[in-house]
Amino acid sequence: MTDQTLAQASDIAVWATMVVLTLAMLAFAGHLAVTGTRARDRSAAAPAQAGSMTSAGSADEAGSGSVAVLAPETPEPSAPNRRWGVIGLQLTWLATFGLIAGVALRGLSVGRAPLGNMYEFAIVAVMFTLIVYSAWSLRQDRLWLGLFITLPATLILAAAKLSWYTEASQLMPSLNSIWLVIHVTVATLSVALFTIGCALALLYLAKDRAETKGEVPHWLAALPSAPSLERITYGLHIVAFPLWTFTLIAGAIWAEQAWGRYWGWDPKEVWTFVIWVVYAAYLHARATSGWTARKATWLAVAGFGCIIINYAVVNIFFVGWHSYSGV
Amino acid sequence: MTDTRKAPPQTSAQIRQPRLGLVGWLRWMWRQLTSMRTALMLLMLLAVAAVPGSIWPQRSVDPVRVTEYLRENPTTGEWLDRFGFFDVYSSPWFAAIYLLLMISLVGCIVPRAGQHWRTLRAQPPRAPRNLHRLEAHTRTRVDAPPEAVLEAARRVLGRRRLRIRAAEEGRELEIAAEGGYLRETGNLVFHISLLAVIVSVAVGHLWGWRGEIIVPEGETFTSQAARFDTLEAGPWVDENSIQPFSLRLDRLDVEFETQAGGAQFGAPRLFEGQFTTTDAPGAPEQRQVLGVNNPLHFGSTSVFLLGNGYAPVVTVTDSDGRSLGTFTAPFLPQDDTYTSTGAIKVPAADPQLGFYGAFLPTFGGFDEAAGPISTFPDLMDPRLALGVYEGTLFPGGRPQSVYTLDTAQMEQVTTTDGDVSRILLAPGETIELPGGRGTVSFDGVVRWGGLVVRHDPGRVPVLISSIVLLGGLIAMLTVKRRRVFVRVTDQGQATTDQGEATTDQGEGTADPGERHTGLTVAGLAKGSDPQLQDYLDALAEEITAAARTKDDA
């Protein structure tokens, strides 16, 4: 049933992905150092232009009220500036393909969707994070974000390899359902989006704080302006939230089929609900007068904290129907 | 009152606020409750309040673990129990939060729905005087007469499904339009469906029931309130209305992992029951397969396969060799290797006999602390290990669990040398009980299926409202509510240049006969809308293109 050669190949692909991701991380760090210093030098030279020049991400700000024809790349200083970032991005694409291969091999080795245990869940979530980032970077300049994607991706992969690794095997019967693919795929996809969203939220909070204090460190200077970061954060969450809602509904449908009730306040269900409520609060807070964007964004960070608890704590320490598959 | 306090009353008399009165206070409270701030606070409280239910065991989920917890932590347990921490989701404080949230939601939805209804029937507002003061706007010049540009703009806006304000006298050179009403509709639909979900859950709770039953292979179960092992029924359930279907478990197929090592070894891989069912007494029999994730349906009642285990078949005879009965006694698995415990009660014996002990599907010897253990969940080398009791099986005629023995009025049977009698049997073996009490034969073992029978009238409404909810959510988050204003200025025969309003285009002066039109497209969005400027630019381009093609034609 289980092809061990393919399973080993999958393991090698995941290890290789981690190596490439680490290299990408270094390249992206170099990119931030270079562009950050440039941005600071420029803003020192011409403070008025600083906002529109730091990166293309803030172009929409500068463009308001004019016939905005801003090219995504800033033409003149770009070439030497972006070299490290582009290398980082290419390495990230390589890592993305590596991880897709790792996940596919894992799936082939057991002849089912590789979504049956915590290890598989983690590598699929990282895969989606990398795919979303890579696809996004094709359409818009997101080099400044690279470090903050590859860093958590590497950490999660390492945690998955070290503490959650499970031998490739068949599923227990309760997981053997088409809803496993539907529910868990969308869950991992939304977790991936929330991961990127949380990275952006933290970056916004850091940048906003620095801008308020008036001392923007090098690495933050390479990022778009705080309001622009805040908008991107929100934009990502309004995609992730309906997906999480779908995860919840699909999970309830499956629970109804497998366990005879669509909702039973199992610890995992409780935390899925808590996450949903916290992110709903974030979306509401953003629309509430009297709540600053900064306070609202903290809610988004809290939501991601709940996702981590739901994954790392609930699965292992709380007894419930979702305790499955030998971790 | 001292002198120093005289001054403040004077000042406060000058700025005395109007008295609110009872109605005023009620209105104030209603405003507070239905405000977004309060709703937000309640929402966060709801998240926090739901957490304890995942930390402490819940009676609704696993009552046995609650009892265990209370036994192990008598002091903290009692206080936790007093504040409802073992029944979080039916506790008054949890209910208070979600009921307030629901009221707040209704108080928010009703006025907003009214307002949205009026907006839907009203015209889009007029264009403001100075369009270039709007944050997002774009200006260009079109080589076409103003009427053609206006006509083109109308067509483009119509194609984009924006609603256009009816033309007015004195405002012939402008268009006001609005689109994206679906955003607010989606918002309302989302919140109304949220209420519908809650109401449907309540319906399921009030009229729904859930019964549990263990059926060994070869036995038939007929659905009746009294026949279930446990039956949890909602307060408004008529127990006579339970559909009297019946089912017989012909065979239960179970498989366990034998290939993989580690934690996966012995993990379940297949549960599937072959059933013969009838919808009602006397109805034709049907053969059906019931598996995990594959429930059976009888009308609006569904049957789920949730558990499985072993039922040893045991025959007991008296000293004369007369049979006291053959018992198929389901034993309950206690761990992943199916070390199962259970009881066999022989009321026909005199004095009454009771056996209590363990069934081991794969016997792995005796553990000092735990007694006999099983090493694999499947039937590789089954044994039945029993202790023998004698006395009164049912003291006081009280109902008791079939899986345990009430030994209050029973004594353990001893052998002639004074040791406690213990029986260890493999299938097919027979053993004599000490003191000429007869024999016990372990005839064999069958599997049993743990069935859950569920009737939930709220199920389908919950599903439908959830799907509508998701649709509303997607609409409210993706659709942009935008107002678009278009104004044209006649710039005549291309000889005059209206300076700031136009960009200089050399081609415009090439053909003096051509008329030129200044086109301004401006927009307003509800909420943040980073793409508004791009949208307006695209509109201006489309209008320009449409006006030109029309002109050429």
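**Aromatic rings and their neighbours**

Reply: Let us begin with a charge and a ring. In this predicted model, the charged end of Arg82(B) lies over the ring of Trp79(B), at 4.5 Å from the ring centre. In chain A, the charged end of Lys295(A) is likewise placed over the ring of Trp291(A), 4.7 Å from its centre.

Me: How many aromatic pairs does a search of the whole structure find?

Reply: Over all chains, the search finds 32 aromatic pairs. The distance of the centres and the angle of the planes describe a pair of aromatic rings. For Phe245(B) and Phe298(B), the centres are 4.1 Å apart and the planes stand at 5°, so this pair is stacked.

Me: Where in chain B do Phe245(B) and Phe298(B) lie?

Reply: Phe245(B) belongs to the loop between strand E6 (230-233) and strand E7 (246-256), while Phe298(B) is in strand E10 (residues 296-298). The pair links distant parts of the chain, 53 residues apart. Phe245(B) is buried at 0% relative accessibility, and Phe298(B) is buried with a relative accessible area of 0%.

Me: Is the pair of Tyr310(B) and Tyr338(B) stacked or edge-to-face?

Reply: The ring centres of Tyr310(B) and Tyr338(B) are 6.1 Å apart and the planes are at 70°; because angles over 60 degrees count as edge-to-face, the pair takes that label. Tyr310(B) is in strand E11 (residues 301-317), and Tyr338(B) is in the loop between strand E13 (332-333) and strand E14 (340-346), 28 residues apart. Both tyrosines, Tyr310(B) and Tyr338(B), are buried.

Note on methods. Residues numbered from 1 in each chain as written. Chains lettered and ligands numbered in written order. Predicted model: local features only at pLDDT ≥ 70, side-chain atom pairs only at ≥ 80, totals over all residues. Heavy atoms only, no water. Phe/Tyr/Trp six-rings, centres within 6.5 Å; stacked < 30°, edge-to-face > 60°. Helix = DSSP H or I, 4+ residues; strand = E, 2+ residues; numbered from the N terminus. Buried < 20%, exposed > 50% of the residue type's maximum accessible area, 1.4 Å probe, protein only. Lys NZ or Arg CZ within 6 Å of the ring centre and 35° of its normal.
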